[in-house]
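Student: I have a new model open and want to learn to read it. Where do we begin?

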Protein chains: 2
Amino acid sequence: MSYTAWIISIGNELLIGKTVNTNATWLAKKLTLLGYDVRRIIAIPDNEEDEVEVFRDAIRRSIRVVISTGGLGPTFDDRTSEYLAKALNRRYVVNDDALKLVTETFRTKGLELTEPRLKQAKMPEGAKPIPNPVGTAPGIWVEESNTVIIALPGVPAEMMGIFENYVEPKLREIGPRLHFVERSITVKGVPEADLAPIIERGMKMSNRVYIKSHPKGHEIRSPLVEIHVYVSSEDEKAAENEINRVINFLMNAIKERNGEILSQ
Amino acid sequence: MSYTAWIISIGNELLIGKTVNTNATWLAKKLTLLGYDVRRIIAIPDNEEDEVEVFRDAIRRSIRVVISTGGLGPTFDDRTSEYLAKALNRRYVVNDDALKLVTETFRTKGLELTEPRLKQAKMPEGAKPIPNPVGTAPGIWVEESNTVIIALPGVPAEMMGIFENYVEPKLREIGPRLHFVERSITVKGVPEADLAPIIERGMKMSNRVYIKSHPKGHEIRSPLVEIHVYVSSEDEKAAENEINRVINFLMNAIKERNGEILSQ
C-alpha cells in the first residue's frame, strides 16, 4: 500500500494571483505529519474540463488520498460536486444525509432553504457528506477503486474545521503508522554552494532522511542558510535517533568549515 | 494564437507544507496583467520523473508560456536545468553565454568557480541564459514548438529580479495587447447565497467580465462578502467602460436588497 496524496485547489482567484494558496500549504503540512507523501499540488480554474481531468488523473494513478478545496459554495460557479460526479461517471443526486445536515443547519439559523442552498445537498451517488462545523456546505467523502476523494470548501476556517474534526481522524485510521520529525539549523558565513557537498553526505547517511538548504541572506556578501532536516519512520524513537545522528554530523562538518551555527 | 500560461513550482518544501507558494501567486498576477490566461499552477517535488512529465505535458498542450521556479541552485537536488533538457530531448551542455555570465559574477565577487557553481552554466542545448541581477544562477529561456519555457530560481528576490528586468518586457512583446482592469466592492448584510443570483446576472452582461464572491465574515451571523470584478480587453477604454457598467448594476441590485456597500 502506498500512501500518496494530491491536493487540488479550485478557484480562478488562485490563477489570477488574487489569493495566495495558504490552504494547500496547511493541508500539505497536515498530510505530511500524518505520514502521507504529497506528490502534487494543482491549482485549476472553476471549470468543468480541468476539474474532471484532474480528478480522473488522480484516480487513474491510484493516488491514495485526494483533497480538493473550493467550489462547494452556493454561487453559480461553485460546481465541484457536480464535476466530481462527472469525473466518477456517477449520477449527481440529492444525498439524504447531506439534506438532513443542510436542512438542520438552516433551521437552527432561521434561514430559508433556497435553490442555491439546496444545491449544497447534491453529491455524487455513493458519496458521504462531512459535517461543516463552521459554515453551511458539507464536505464530500467519496471512494473510487483505491482512491479516497475529499472535497472541502475553499473558505479557510470551514476547510480547517471540517478537516480537523472529521477528516484528520479518518486519515490517521486508514493511513500509515508513520512518525514525521523535523529540525532546522541556521548557518552563518558559509555560502550555500559550499554547504552542498556536506548536505549531500548527510543525505547518504540514511534513506529516510531529507535535507534541504534554504538561502536566507545575501548569497555572497553575508551568506545565511537554513538547513532543514526531516525524517519519516514507523517508529518515533527511530526517527528521533536518525535525525540526531544527521544533525550532529552536519554541525560538526559545518564547524570544520568555520561556519557559525546561529540556531537549531 | 492563444495566450495560455502554466506555472510550475519545483521544491519538496512546497509539498511538505513548509513554504507557502507566494512565488506562484506573484507570477500569476504578473502574467494576468500582461494578458496571459494562467490555466494551471502545479507544485511538484525535486524529482526527475515529475519534472520531465510536467514540462512535456505543457509542451504537448501547446501552452504558450511556461514558467518554472526552483531547482537552479548549486546543491545536489537542484536539477531543473538537467531535467528540462531531458524533457526536451536535448543535450545538457555548458552554455557559452551562461558561462560568461557566471564567470563574470564570480570574478567580480572574488569567488572560486567550483564544480557545483559551474553547474549553473549548464543548460539544455539551444537555451538562452537570462542574467540574474541578484544571485549567481542565471535563468533559462528555451523555446520548443509553440511553447516558451522560462526556468527561474526559487529564491523570491532572484525570481522577481530576473522576471522584472528581463522576462516581463519580452513577454509583453510576444504577448497579447490586452488590458486587465479589476475592481472590488465589499458588501455587508447580504448572505453570499442571496448575492449569487445578482452575480449571475452581472456575469451575463458581458463575456469579457468575471465576477467572484469571497465571503469574509461569518456566513450567517454577520455576512460580509467581497465581490471581485475583472475584465480583459484589447482596448483600455473599453475595459474601463465595461467594468463601470457591471459595478453600477451590482451596486444598484445590492442596494435594492438592502445591502450596505462598505468600500469600493
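**Strands across two chains**

Tutor: Strand S2 (residues 37–44) of chain B pairs with S2(A) in the antiparallel sense, over three bridges. Keep in mind that this is a predicted model.

Student: What holds paired strands together in general?

Tutor: Strands of a sheet pair through backbone hydrogen bonds, either parallel or antiparallel. Here, A:Ile42 has B:Ile42 as its bridge partner in S2(B).

Student: In which sense do strand S1 of chain A and S2(A) pair?

Tutor: S1 (residues 4–10) of chain A runs parallel to S2(A), with seven bridges between them. A:Ala5 stands opposite A:Val38 in S2(A).

Student: How many strands form the open sheet, and in what order?

Tutor: There are 12, with mixed pairing. The order is S6(A)-S7(A)-S8(A)-S3(A)-S1(A)-S2(A)-S2(B)-S1(B)-S3(B)-S8(B)-S7(B)-S6(B). Strand S6 (128–130) of chain A and strand S6 (128–130) of chain B stand at the edges. Each has a single partner strand, so one side of each lacks a neighbour in the sheet. On average, neighbouring strands of this sheet are turned by 20° against each other, direction ignored.

Student: How do I read the size of an interface?

Tutor: It is often given as the accessible area lost when the parts come together. Chain A and chain B bury about 5200 Å² between them, 56% of it on carbon and sulfur atoms. In contact are 63 residues of chain A and 63 residues of chain B.

Student: How many salt bridges does the rule find across the interface of chain A and chain B?

Tutor: The rule finds 14. B:Arg40 forms a salt bridge with A:Glu53, their closest N and O atoms being 3.3 Å apart. By class, the side of chain A that touches chain B has 28 nonpolar, 16 polar and 19 charged residues.

Note on methods
Residues numbered from 1 in each chain as written. Chains lettered and ligands numbered in written order. Predicted model: local features only at pLDDT ≥ 70, side-chain atom pairs only at ≥ 80, totals over all residues. Heavy atoms only, no water. Contact = heavy atoms within 4.5 Å. Buried area = accessible area lost by both parts, 1.4 Å probe. Salt bridge = Lys/Arg side-chain N within 4 Å of Asp/Glu carboxyl O. Nonpolar A, V, L, I, M, F, W, Y, C, P; charged D, E, K, R; others polar. Pairing = 2+ DSSP bridges. Helix = DSSP H or I, 4+ residues; strand = E, 2+ residues; numbered from the N terminus. Axes fitted to C-alpha atoms, helices over the stretch in contact; angles between N-to-C directions.
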